[in-house]
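Hi,

Here is the structure I promised to hand over.

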Amino acid sequence: MITGKNMYKKNRDISAGIINPKKTFWQKIMKQRQLVYMSLPLVVYVFIFKFVPLWGWTMAFQDYKPAKHLMQQKWVGLKWFVFLFKDREFLLALRNTVCMSVISTVLGYITAIIIALLLNELKHIGLKRIIQTVSYLPHFLSWVIVTGLVSSMFSVEDGTVNNILMSLGFMKSPVLWLSEPKYFWWIIGWTYVWKEVGWNTIVYLGAITAIDPSLYEAAEIDGAGRMQKMTHITLPGIRSTVIIMMIMSAGHILDANFEMPFFLQNGMIQDVAQTVDLYVLRYGFSSFNYALATAAGIFKNVVNIAFLLFANWIAKRSGEERLI
């Protein structure tokens, strides 16, 4: 005979998942089967195109020859990883990738947050919509088109930048913008800002709209100005969104833009234009050293994951929002 006390204990154990947890799990699956059916195509896509190709990572530990079967390859251990850190060209590519990525990320964050704050203070709705539309339209252009525009604007003969600066009296003769190493990283960074700042601004504007309007009303009653409201209400209100975006960007620290360095590189700026992706492309398809290219790709992904986890850990230790 089951007493009331025993029945209470059994129900408590079932709710806590102590008794028959598998049955409880499948009951939840069946209860939410519509969501499972909707997510199934995405799971299959991720499995086929993201996880199945991982078997190719074995090439990084082999002296890979395309004509041989996988089991007939010669295993060389960490030979290619050791080679990477002794190769001056790879170290230059690593430096360039990190610098371009950091410059683009920092400039992108600062400009997106500033524009979001300014648009939030803009009272004219029509002008606000026009600015938003104009700012995020470049996001829909491909990087190939953007690279062509940059190449035309910074050309020596009839480039827009040289013509404007010379007409204003800032320069007496044209500057070889795309042939000077000291300008290249900043051209990449500001081009990224021009293309993506409007799209990134939408994220912060969405976070701003979630702030309680009564906070602004109370601050206005207390005599706070616009700058004070931005400093003490708006910025703290979007802090969690900023942290999440920074964590996500940390996972792309070695994902510098591929198209612009590839199309804009030349012999005069080769030392600052070479990136890890271009290094992989060169050795994987030009030199047919698939093992070395795979090792470089593995290193890039491992570093990205490590930075993502580290940034998430820092956010957790600081008591901020996190992804994991």
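Thr 111 counts as buried because its relative accessibility is 16% (buried: under 20% relative accessible area, 1.4 Å probe, protein chains only). This is a predicted model: local features need pLDDT of at least 70, side-chain atom pairs count only at pLDDT 80 or more, and totals for chains, interfaces and linings use all residues. Residues are numbered from 1 along each chain as its sequence is written, and side-chain values use heavy atoms, without hydrogens and water.

Thr 111 sits in helix H5, residues 88-121 (helices are DSSP runs of H or I, at least four residues, numbered from the N terminus). Leaving out residues up to four places away in sequence, Thr 111 touches Trp 190, Val 193 and Val 197 (contact: heavy atoms within 4.5 Å). Thr 111 and Val 197 are 86 residues apart in sequence, yet 6.7 Å apart C-alpha to C-alpha.

Now the pockets (on a 1 Å grid over the protein atoms alone, open sets of points where a 1.4 Å probe fits, with protein on both sides within 12 Å along at least five of seven lines; lining residues have an atom within 4 Å of a point).

- The largest pocket has 19 lining residues; Thr 105, Tyr 192, Ser 249, His 252 and Asp 255 lie nearest its centre. H5 gives the most to this lining, six residues.
- The second largest pocket has 16 lining residues; nearest its centre are Met 246, Ile 247, Ser 249, Ala 250 and Ala 311. H5, H12 and helix H16 (290-317) each supply at least two residues of that lining.

Best wishes

Conventions. Buried means under 20% relative accessible area, exposed over 50%, partly exposed in between (1.4 Å probe, protein chains only).
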